[in-house]
Amino acid sequence: MTSDTAPPIDTALIDIVKVTKTYPPDIMALDEVSLAVGHGEMIFLTGVSGAGKTTLLKLLCFLESPTMGLIEMDKKDISKLSGHALQKMRQHIGVAYQDFRLLSKQTVYQNIALAMEVRYENPKKIKQRVLELLANLGLADKIHTPTSKLSRGEQQRVSIARACANKPPLILADEPTGNLDPAATSLVMDLFNRLHEEGTTIIIATHDQAIWQKSSHRIVNLENGKLQEIIKVNFDL
Amino acid sequence: MRYISFILGQLARNSRHGWASQVMTLFTVSLSVLIFSFFFLIYTNMQKASSRLGNELRLIVYLEQEVPAAFRQEFKKKITDFDRVEKIAFISKEEAFARLTRQLGQESDVLEDLDPSFLPYSVEIFPSNNLKSLARIKDFSDYLGSLPGAVKVQYGQEWIERFGYFISLLRIIVLLSGALLILTSVFMVSYTIRLTLESRQEELEILRFLGATDRYIRGPVMVEGFLLGLFGAFSGLLSLFFLFQWIKNHFSGPVFMNLFELSFLPLANIGTIFLISLLLCSSGSLISIRKYLKV
């Protein structure tokens, strides 16, 4: 039995068409990559360091633009998004960055709440959601700790909690378990799986085989900026 | 409502980070408002005094001899040919003596041995112009001096000229202090906001990644400038009010202050100063946002 396969193009949430990204002077990070990600799909983006995983995620969360090619999100060319439309689109994408991007002087609570505050969510709802996420990720006792006082593993979980706070339709996670022990990894993956079951599209860039080997989801491998293969994994592995 | 509570929270956070520069800016804006409004207050009071004096201004033409009743109409016509006047009064020697007696009051006994006709005939002219046309009054005085039989024209020329120059000087000072208010408010607020933005660079970058809207990011910064203008104007005008009370209490007396009935700025002027301060500080805020805050 096999896992999800590539979605039909008309149901794709993300459609990446022949996307190339080069950095000066002539470093090719992505080479004509094409990929469709369906609504509610969870996929693993694998590959060794420098394969282009982070670059692809950066393109998807508008941190960078492709040198060539087209990226559509909900059938909208994201290169044409600007101003308010871009800000609104960003609010619908939760990103767990590899370098966390946390506010070091602010507490765990404030960092996570920020993602909901920019959407002017109800303070009660924010509090409830933050407490729920912290409980899910084993950080309940760190709620008032400034993030600068946390270990890297804890910071990583705060970054993941912030990405999930709004229950966005799309979550991008860059090496989300890179600093985590197996127990914390399991908590993070449980959270992702729950969100996936609720219909969230999740793209996880990782080189940690442990988290995708047992998964039934689609796995996309990048090698030297090229999309190498789409591996289908058995459910019962 | 949620947006307002967010703005207040953000303002409190900004104040914790940069309270020292905010206090300095508030002090500078207040001081500028105080300096400007102080000179403006003096200027408006002087203008009022000037207008009062203008209304009371009269030119006295001393004559060699009394103008006969038959020629008075012609004499009046000669005067009104030059300029419009409110009133012309022919003063006889007896009337002049009676006035002097009244003015001297209890000391009028010094006049007892004097001939009641020792004072000259005169004509009092009340022009309809006020002090604003000082040059015109001088011309008028010269003209009156050239009338047949006129010996001397008197209207407190030296004093009025000095008063006129003082008002001109005040006008310049008000303009200069207005320029000072503009410069300090705009630049200081702009600089403070810049410091706030620089101290929040990391946070602003993350906010952008999280999809914070222009309104979310710029709102608190604009409000900060607005509040600096509001509190700056308020404390500046409040200080002016206390200063005004102090001056009124300590300088009012039979000689100096009775000349000028000191009054505080009218509400319309206070409102205008508030509005100007708000506009200037908001502009300073906007300049920094445009320059340093690319959303």
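Predicted model: local features only at pLDDT ≥ 70, side-chain atom pairs only at ≥ 80, totals over all residues.
Next I counted aromatic pairs. Over all chains there are eleven. I looked at how the rings of B:F38 and B:F39 are set. Their centres are 5.6 Å apart and the planes meet at 65°. An angle over 60 degrees counts as edge-to-face, so this pair is edge-to-face.

I moved on to B:F241 and B:F264. These two also make an edge-to-face aromatic pair, with 5.3 Å from centre to centre and 90° between the planes. Where do B:F241 and B:F264 lie in chain B? I found B:F241 in helix α7, residues 214-251, and B:F264 in the loop between α7 and α8 (267-292). The pair therefore ties together parts that are 23 residues apart in sequence.

I looked up the accessibility of both residues. B:F241 has a relative accessible area of 33% and is partly exposed. B:F264 has 21% and is partly exposed as well. The cut-off for buried is under 20%, so B:F264 at 21% does not count as buried.

My last entry is on chain A. I noted that A:R101 lies over the face of A:Y97, 4.7 Å from the centre of the ring.

Methods: Residues numbered from 1 in each chain as written. Chains lettered and ligands numbered in written order. Heavy atoms only, no water. Phe/Tyr/Trp six-rings, centres within 6.5 Å; stacked < 30°, edge-to-face > 60°. Helix = DSSP H or I, 4+ residues; strand = E, 2+ residues; numbered from the N terminus. Buried < 20%, exposed > 50% of the residue type's maximum accessible area, 1.4 Å probe, protein only. Lys NZ or Arg CZ within 6 Å of the ring centre and 35° of its normal.
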